[in-house]
Amino acid sequence: MTKSAKLLLAATATALATPLAAQETVPLIERAKLFGNPTRTAGRLSPDGKWLSYIQPRDGVMNLWVAPASAPDQARPLTAEKVRPIRNAFWSPDSKQLLFINDKGGDENFLLYGVDVATGAQRSLTPFEKTRVQLIGGSQKIKDKLLVGVNNRDPRWHDVHLLDLATGKLTLVFKNDGYSGFVADDDLRLRLVSRPRPDAGSDWFRVTNSVPEATPVVSFGLDDSQTTAPLGFTTDGRTLYWTDARGRDRAALFAQDVATGKMTVVGESPRADVSGGLFHPRTGALEAYTDYYLRNEYVPVGNAVRADLAFLKAQNKGDFSVTSRTDADDKWLVAFDPVTAPAATYLYERSAKKLSQLYVSRPELAGAPLVGMFPHEIKSRDGLTLVSYLTLPRIADADGNGKPNAAVPLVLLVHGGPWGRDGFGYNSAHQWLANRGYAVLSVNFRASTGFGKSFTSAGDGQWGRKMHDDLLDAVDWAVKSGVTTRDKVAIMGGSYGGYATLAGLTMTPDTFACGVDIVGPSNLHTLLKTIPPYWEAVKLQFYKRMGDPTTEAGRAMLTERSPLTYVDKIKRPLLIGQGANDPRVNVAESDQIVAAMKAKNIPVTYIVFPDEGHGFARPANNIAFMAAAENFLQPCLGGRAEPVADAIAASSAQVKEGANFVSGLAPAGQ
């Protein structure tokens, strides 16, 4: 065994910090309560107000249930999925069917299914192989049909079809030869389509009789690609709403008069992009927009829902979101998130200003020692503001004010994308890690979205460089603020967060005590070669923002920014989790870095799930990986862990490498 391997094994076997005895007085929250199936979730009102739908377990798998709105306790199952959980659903405009999408084993070839509420009959509405459905439009006037896109003819592009929900018949509306975005009106007519530009921006074209005009009506480049797009027409077709950052840094909501083309600002934030809100279910008129900087907040437009939003805010039940509205707009479903208690969904009757609790998503967490989440604005070394979220274990924040009274080990939890963002609210991973004795810090590093296009564009060409520097600056802040000490910081994340983990252990090998990589790319060359064909429209954005594999300079950059290039630098423990069917980050991304580590006798623990894709959708698999992760982190950081027990055996997990480096992974006697 090499010297580096011996040092790594020693680091894995010896805690860097002795667990604080007081943390043991905080009850351990079982993994299953945090990562198992919720009791009920995703409640939706049917448009006609007669039905309530939910997603909840049936024989251990998340399925669709429906109940009369007047008797929500009389729910009955509508579907009988046995393996792959249903994660989202929506009502047909005529309230006769519940619609959902699902894939097979995480391959993200999502097909559309419909279930008749009266009969329970289920059918596939896009019955094709290796096809991914795209939902394009519904209507208040034509309630028995939808516009959908399917890429069964050419996997790169979605042809638009009119779907008859009653018969399942698909009628071709638009044969696609290179368009990526679509907007239809309430008559289910295509009105706008977009085509990617050579500079990685987009051109938007008007459509007449399913034929795009030759000259675009809106054009923009790469900088606006994440922040500018049409949202949809009002029902009368006279107004088109846009989220638009052209000529400004932060996207605002605009209302465009279709007849004159005039654009009017109807919603903007001084610190964040505005990209959506509440639209009247019948007219499509904007009634409130969301301002999401540190926390999400509704801002009313006019008086239509002003009193309702004020009433809901005054309930002090936590941040809230309106998740469903009837066509009559007399009833809403509202989800409240108190963070330190499980989220609950209520029926809100507008005329009476009455709230009735329908369900708590995870009632088993009621009374559990959940802790608060606290937003912070951290300065990067070059002056950017990094909106971040800190969760502290009770031992470090006895009075719950978010200010540490003792330094504890820290897990830097990095979001994926990277063109996404971390946000405020209940977070199972934050609660789990804090309960194990760790502070948890999530950072919106440059390239994250929601904070203006200049902040997003500041990440262009900065994978493994300034984007990584932002994470290091956040760690420095945590050390200076007394949250942690420099030798007790782990890095963990999925997708881009997995890349950041690998970059942390290879490019800055002395910074982190250990790392947990979930579906993270290790080789940017192979990552870009294996992106799904239906991402053809955004491929140039990847090239412009990461490194262009068609140029010598771009290829050199991709090599320089790939963790695989520096695999020999790894000196700290590493745990890798991967879905075998991942279409975004191919399993080869994990396979090749594990093989390179083995070739250099560097220990690694590697777990593959043969029935998963980009992340772990099946709760048994998610619980299994978290079992491995907390028992991996315990000797590294000195926290505590619930034993692995039978978590691995109950899942599909295949421990490919390094079972002996994590307590409870190796079979007895090994």
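In the predicted model, strands β1 (residues 41-45) and β2 (residues 51-58) pair in the antiparallel sense through three bridges. Within this pairing, Thr41 lies opposite Ile55 of β2. The two strands form a hairpin with five residues between them, and Gly49 in the turn adopts a positive phi of about 80°. Strand β2 is also joined to β3 (residues 61-68), again antiparallel, by eight bridges. Trp51 has Pro68 of β3 as its bridge partner. The hairpin of β2 and β3 has two residues between the strands, and Asp59 in its turn has a positive phi of about 55°.

Strand β11 (residues 157-164) likewise takes part in two antiparallel pairings, with β10 and with β12. Seven bridges connect β10 (residues 145-154) to β11, and Asp154 is paired with Trp157 of β11. These two strands make a hairpin with two residues between them. On the β12 side (residues 170-174), four bridges are found, and His161 faces Leu172 in β12. Five residues separate the strands of the hairpin of β11 and β12, in which Gly168 has a positive phi near 85°. Seven of the eight residues of β11 are buried, so the strand is largely enclosed by the rest of the structure.

Strand β18 is connected to β19 (residues 239-244) by four bridges in the antiparallel arrangement. Gly232 has Tyr241 of β19 as its bridge partner. In general, strands of a sheet pair through backbone hydrogen bonds, in either parallel or antiparallel fashion.

Several loops contain backbone features of note. The peptide bond from Gly417 to Pro418 is cis, with omega near 5°. Pro418 is located in the loop between β31 (410-414) and α4 (428-435). Positive phi values in residues other than glycine include that of Lys353, near 50°. Lys353 belongs to the loop between β27 (344-349) and β28 (354-360). Its relative accessibility is 33%, and Lys353 therefore counts as partly exposed. Ala645 also has a positive phi, near 50°, and is a residue other than glycine. The loop that holds Ala645 runs between α12 (619-637) and β37 (654-657). With a relative accessibility of 66%, Ala645 counts as exposed.

Helix α7 (residues 496-507) has twelve residues and reaches 15 Å from its first C-alpha to its last, close to the 16 Å expected at 1.5 Å a residue. The helix is mostly covered, with twelve of its twelve residues buried. Among the buried residues are Tyr496, Tyr499, Leu502, Leu505 and Met507, together with the glycines Gly497, Gly498 and Gly504. The axes of α7 and helix α6 (residues 466-480) come within 11 Å and cross at roughly 80°. Because angles of 65 to 115 degrees count as roughly perpendicular, α6 and α7 are described as roughly perpendicular to each other. In their contact, Met467, His468 and Leu471 of α6 meet Tyr496, Ala500, Ala503 and Gly504 of α7. The residues of this contact comprise five nonpolar, two polar and no charged.

Lys544 is part of helix α9 (residues 539-546). This lysine is partly exposed, with a relative accessible area of 44%. Apart from neighbours within four places in sequence, Lys544 contacts Pro198, Asp199, Ala200 and Leu222. Lys544 and Asp236 are 308 residues apart along the chain, and their C-alpha atoms are separated by 39 Å.

Notes
Residues numbered from 1 in each chain as written. Predicted model: local features only at pLDDT ≥ 70, side-chain atom pairs only at ≥ 80, totals over all residues. Heavy atoms only, no water. Expected span 1.5 Å × (residues − 1). Buried < 20%, exposed > 50% of the residue type's maximum accessible area, 1.4 Å probe, protein only. Pairing = 2+ DSSP bridges. Axes fitted to C-alpha atoms, helices over the stretch in contact; angles between N-to-C directions. Parallel < 35°, antiparallel > 145°, perpendicular 65-115°, else oblique. Contact = heavy atoms within 4.5 Å. Nonpolar A, V, L, I, M, F, W, Y, C, P; charged D, E, K, R; others polar.
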